[in-house]
Amino acid sequence: MEENKGPNLVVGKLYLVPTMLGDNAPLEVLPISIKRTIENVDHYIAENEKSARRFIKRISPAKNQPDLHFELLNKYTDPTEIPTFLDACIQGFDMVLLSEAGAPGIADPGADVVRIAHKKKIQVVPMVGPSSITMAMMASGMNGQNFAFTGYLPIDTALRGKAIKSMEKLSLETGQAQIFIETPYRNEKLFQELIKKLRPSTLLCVACDITLPSEQIATKTANEWKRYPLDLQKRPTVFIIQA
């Protein structure tokens with residue numbers, strides 16, 4: 001992997017490395033190829049250096065932490081600085097783009113780096129690992145041939161209600177499953193709004209704590225969910241509806 005390092009004309013690769021969705025033992029949910037990649041790369045792009053170092057240490061305890069180089073990509077990052085994050089690749093070093101949880105570029109700011117990598121003709125290598133969005137879709141029993149991820153719904157109550165009805169209408173007309181997420185501490189409020197706003201017959205999949213021992217994934221009609229109270233407080237959750 002980092003055989004290319006040093007002052008030469010060979011451009012390094014950008015590896016997209018997923019991380020665990022919770023406090024799992026890494027190799028319970030990640031393939032050995034990720035361990036090999038981490039062991040061979042010292043240049044990283046991540047949202048949070050502390051959590052990234054912790055992940056790297058769990059994957060490769062013997063790795064020399066002082067040798068690691070980090071570029072931080074989060075809400076505080078100046079967008080004009082992002083193209084410079086890939087300078088190590090241009091210099092011949094392989095790099096790793098780490099997500100905070102799940103897969104880079106999926107509900108994750110890493111997409112900006114990947115887009116720039118393509119412009120700079122840097123090879124992008126997506127690696128296998130968990131994505132709560134695709135895993136929830138797999139387990140939902142809904143339309144895996146036609147689905148859309150819409151990200152976060154509006155915080156404003158009126159706008160969120162309109163978004164729910166709009167997604168339901170689109171699903172009813174096209175058969176398309178609609179996937180969305182919420183900040184964990186607002187899950188309960190969203191769940192209650194869903195079972196109130198949706199048609200009684202609309203299917204709702206609630207998938208929480210995916211890959212963790214406390215994992216719960218179930219699909220029921222909005223009406224059926226009224227009889228099955230859930231505790232979603234502070235639990236990472238994916239919601240899917242299909243009318």
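User: How much space lies in the second largest pocket?

Analyst: About 270 Å³ lies in the second largest pocket. A pocket is an open set of points on a 1 Å grid over the protein atoms alone, with protein on both sides within 12 Å along at least five of seven lines; its volume is the space filled by probe spheres set on points joined across faces, edges and corners. This is a predicted model, in which local features need pLDDT of at least 70 and side-chain atom pairs count only at pLDDT 80 or more, while totals for chains, interfaces and linings use all residues. Residues are numbered from 1 along each chain as its sequence is written, and side-chain values use heavy atoms, with hydrogens and water left out.

User: Which residues are the closest to the centre of that second largest pocket?

Analyst: Met20, Ser51, Arg54, Phe55 and Glu100 are the closest to its centre, out of 16 residues that line the second largest pocket (lining means an atom within 4 Å of a point).

User: Which helix gives the largest share of that lining?

Analyst: Helix α3, residues 49-59, gives the largest share, with five residues. Helices here are DSSP runs of H or I with at least four residues, strands are runs of E with at least two, and both are numbered from the N terminus. By class, the lining of the second largest pocket has seven nonpolar, five polar and four charged residues. Ala, Val, Leu, Ile, Met, Phe, Trp, Tyr, Cys and Pro count as nonpolar, Asp, Glu, Lys and Arg as charged, and the others, Gly among them, as polar.

User: And what volume does the largest pocket have?

Analyst: The largest pocket has a volume of about 590 Å³. Its lining comprises 24 residues, and Ala101, Ser132, Tyr152, Ile181 and Pro236 are the closest to the centre. Two or more residues of this lining come from each of α6 (132-140) and β10 (237-242). The lining of the largest pocket divides into 14 nonpolar, five polar and five charged residues.

User: What lines the largest cavity?

Analyst: Ile45, Ala46, Glu47, Leu73, Leu97, Leu98, Asp108, Pro109 and Gly110 line the largest cavity. The elements that give two or more residues to this lining are β2 (43-46) and β4 (95-98). By class, six residues of the cavity lining are nonpolar, one is polar and two are charged.

User: Back to α3. At what angle does α2 pack with α3?

Analyst: Helix α2, residues 32-40, packs with α3 at an angle of about 115°, and their axes are 9 Å apart. Axes are lines fitted to C-alpha atoms over the stretch in contact, with angles from 0 to 180 degrees between N-to-C directions. α2 is therefore roughly perpendicular to α3; angles under 35 degrees count as roughly parallel, over 145 as roughly antiparallel, 65 to 115 as roughly perpendicular and the rest as oblique.

User: Which residues make that contact of α2 and α3?

Analyst: Ile34, Lys35 and Ile38 of α2 and Phe55, Ile56 and Ile59 of α3 make the contact (heavy atoms within 4.5 Å). This contact of α2 with α3 has five nonpolar, no polar and one charged residues.

User: How far apart are the axes of α7 and α8?

Analyst: The axes of helix α7 (residues 157-174) and helix α8 (residues 187-197) are 11 Å apart, at an angle of about 55°. That makes α7 oblique to α8.

Technical notes
On a 1 Å grid over the protein atoms alone, a cavity is a set of points where a 1.4 Å probe fits but cannot get out, and a pocket is an open set with protein on both sides within 12 Å along at least five of seven lines; lining residues have an atom within 4 Å of a point.
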